[in-house]
Amino acid sequence: MTLGYEEAVGSLHAIDPAWPRPAVLDVLEAPENRHLLDFVQEDPFGAHVFPGNVPGSPPEFLRDLDAQLALSSGPIHLWSYIPTCAYRCRFCQYPVVLVKGKIEKAAHWVDLNIAEARLWLDAVPHLRGAEVGEFNVFGGTPSLLPEPEIRRLLEFYRSNFGFTADTTIRFEGDPSTFTPAKLELLRELGCTKLSSGVQSFDDHVLELCGREHTASMCVDFVRNATAAGFEWVSIDLMYGLLDQTLDSVRRDLDVVLENEVTAVVCTKLHLASYSDTRTGVTGEKPAAWQLPAYRDKLVRDGHRWPALGEQYQMRELLTEGLRAAGYTEHPTMYFARDGLGPEKWKSIMVDQDKQEPEVAIGLGGSSSCRASEAITDVNSRRYTETVLSGWIPLGSATRFTAEAQEARAVKMALTTLQPLRDSLHTARFPGRSLFKEPWLGKFRSLASRGLVRVRPDDGVVELTPPGETLVEAIITTEL
């Protein structure tokens with residue numbers, strides 16, 4: 001539900017007086033930043049899809065990917081996307097397949113994932129030999145898979161892709177589905193990282209989200225995973241949720257710090273469709289909370305959506321609290337404890353000195369290389385038919401002009417929150433510089449509004465604290 005400008009400013013001013021007023025509100029209410037305010041009303045959690053700017057085709061993407069793999073020695077990020085879920089959360093817009101009460105159906109999706117992976121290996125000759133930096137089994141809820149299917153999936157990828165002693169394996173799931181037996185199996189199979197969408201440690205907030213786990217189950221997951229020896233236990237926390245308060249978010253932070261969670265991903269409730277913003281991959285069915293009539297009914301029933309000002313208070317509470325406890329943010333809203341970051345799979349994709357390919361296998365996967373990007377079909381029936389017909393089920397692909405490749409490199413590097421280094425930029429793009437047009441004019445405009453610092457003597461451009469908070473809006477609306 002997009003607000004008018006005056007309504008948006010009013011929502012920005014609506015804050016909880018018991019908590020500090022975030023400085024970023026001054027930036028957002030400035031008339032020259034109206035476009036940023038327009039964007040953050042339904043702020044996606046972060047741009048992890050960077051669409052091309054000219055039409056392309058799946059065969060072109062596969063050739064572009066193979067060409068980069070042939071020349072690059074850097075490790076890639078490899079995804080296996082298992083779309084099975086027991087239920088759909090009320091904020092979820094990802095492509096998922098519901099299997100509650102029919103867990104045997106999950107094996108079918110392992111069959112399809114492996115079949116699609118074989119098609120990729122045949123179509124992209126250099127993929128088989130490419131070093132895998134991090135392998136992520138994401139979803140969906142892949143932890144729903146029966147233990148034999150988890151073993152079959154991981155053993156296939158370890159045997160057929162370029163896993164090395166430095167490859168990290170990461171597995172995602174619902175807190176309630178990581179049973180002791182599954183934790184033991186994942187450790188046996190070489191998995192060292194776990195991720196779970198906790199979202200909140202407030203049972204009331206969880207229930208309204210449609211989550212079927214409790215806060216105590218989330219705490220048990222963290223403690224059991226840590227006791228089982230996983231070196232990286234990551235959770236997702238969301239802010240801006242229905243009936244959520246600053247006090248509730250503070251309790252979430254307290255639980256994180258009390259249990260010394262390795263890593264935390266903080267995301268704002270995102271109600272804009274990914275298909276409109278192209279900041280992610282959306283399925284065919286909107287989230288329940290994306291339906292205006294349903295949102296309005298919740299308000300009539302006595303529930304409350306946090307105002308925009310409160311949401312930025314929540315964000316600041318989390319970010320400042322985590323930083324004060326020794327967590328480092330790299331990339332935006334990804335926090336790791338005790339200098340353990342950055343988040344490896346994101347670093348492979350977006351760090352200015354890396355930006356290596358990403359290959360995502362499974363329904364709705366997002367794959368990219370420097371020359372183009374592609375999204376796998378999000379329609380489960382069509383996806384299945386395509387894989388069984390012997391074709392990689394890429395639903396769309398776009399390419400980047402030379403100028404767009406340069407812009408994409410800058411945007412991704414900015415999301416890391418690390419200084420942009422002109423030496424790295426000119427090495428990758430000979431004859432170009434961050435201190436020449438078109439970049440100098442763009443950065444000077446941002447600097448005049450307090451969003452970046454331009455330091456030609458040091459050869460860097462860096463975000464200010466307000467710029468870090470608004471980096472997603474900046475790269476989407478201005479670069």
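## Two domains

In this predicted model, the C-alpha centres of domain 1 and domain 2 are 27 Å apart. The domain assignment builds domain 1 from two stretches of the chain, 5-42 and 419-478, and gives 54-350 as domain 2.

The two domains touch: 22 residues of domain 1 are in contact with 18 residues of domain 2. About 1700 Å² of area is buried between domain 1 and domain 2, and carbon and sulfur atoms give 58% of this area. On the side of domain 1, Trp19, Pro22 and Glu42 supply 34% of the area buried against domain 2, more than any other three residues.

## Polar links between the domains

One salt bridge is counted between domain 1 and domain 2. Glu468 and Arg323 form a salt bridge, with their closest N and O atoms 3.5 Å apart. The count of residue pairs in polar contact between the two domains is seven.

## Salt bridges in the whole structure

The structure holds 29 salt bridges. Side chains of opposite charge can pair when their charged atoms come close. One of the salt bridges joins Glu188 and Arg151, at 3.0 Å from N to O. Glu188 lies in helix H7 (residues 180-188) and Arg151 in helix H6, so this pair ties together parts that are 37 residues apart in sequence. Glu188 counts as exposed because its relative accessibility is 53%, over the 50% cut-off. Arg151 has a relative accessible area of 28% and is partly exposed.

Arg251 forms a salt bridge with Asp202, and the closest N and O atoms are 3.5 Å apart. Arg251 belongs to helix H10 (residues 246-258), while Asp202 is in the loop between E7 and helix H8 (203-209), so the pair ties together parts that are 49 residues apart in sequence. Arg251 is partly exposed, with a relative accessible area of 46%, whereas Asp202 is buried at 15%.

A further salt bridge links Glu462 to Arg455, with 3.0 Å between the closest N and O atoms. Glu462 is buried, with a relative accessible area of 17%, and Arg455 is partly exposed, with 29%. Elsewhere, salt bridges that share partners join Glu134, Arg170, Lys193 and Glu343 into one network.

## Two buried residues

Asn160 is found in helix H6, which covers residues 147-160. Asn160 counts as buried because its relative accessibility is 17%, under the 20% cut-off. The side chain of Asn160 reaches the backbone oxygen of Phe156 at 2.8 Å. Leaving aside neighbours within four places in sequence, Asn160 is in contact with Arg118, Leu121 and Arg128. From Asn160 to Gly74 the C-alpha distance is 18 Å, and the two residues are 86 residues apart in sequence.

Gln199 has its place in strand E7 (residues 193-199). With a relative accessible area of 7%, Gln199 is buried. Not counting residues up to four places away in sequence, Gln199 touches Phe91, Leu206, Arg211, Asp236, Leu237, Met238, Leu241 and Asp252.

Key: Residues are numbered from 1 along each chain as its sequence is written. This is a predicted model: local features need pLDDT of at least 70, side-chain atom pairs count only at pLDDT 80 or more; totals for chains, interfaces and linings use all residues. Side-chain values use heavy atoms; hydrogens and water are left out. Domain bounds come from an automatic or database domain assignment. Contact means heavy atoms within 4.5 Å. Buried area is the accessible area (1.4 Å probe) that two parts lose on being put together, summed over both. A salt bridge is a side-chain nitrogen of Lys or Arg within 4 Å of a carboxyl oxygen of Asp or Glu. A polar contact is a pair of N or O atoms within 3.5 Å; within protein, one must be able to donate a hydrogen and the other to accept it, and residues adjacent in sequence count only if both atoms are side-chain atoms. Helices (H or I, at least four residues) and strands (E, at least two) are DSSP runs, numbered from the N terminus. Buried means under 20% relative accessible area, exposed over 50%, partly exposed in between (1.4 Å probe, protein chains only).
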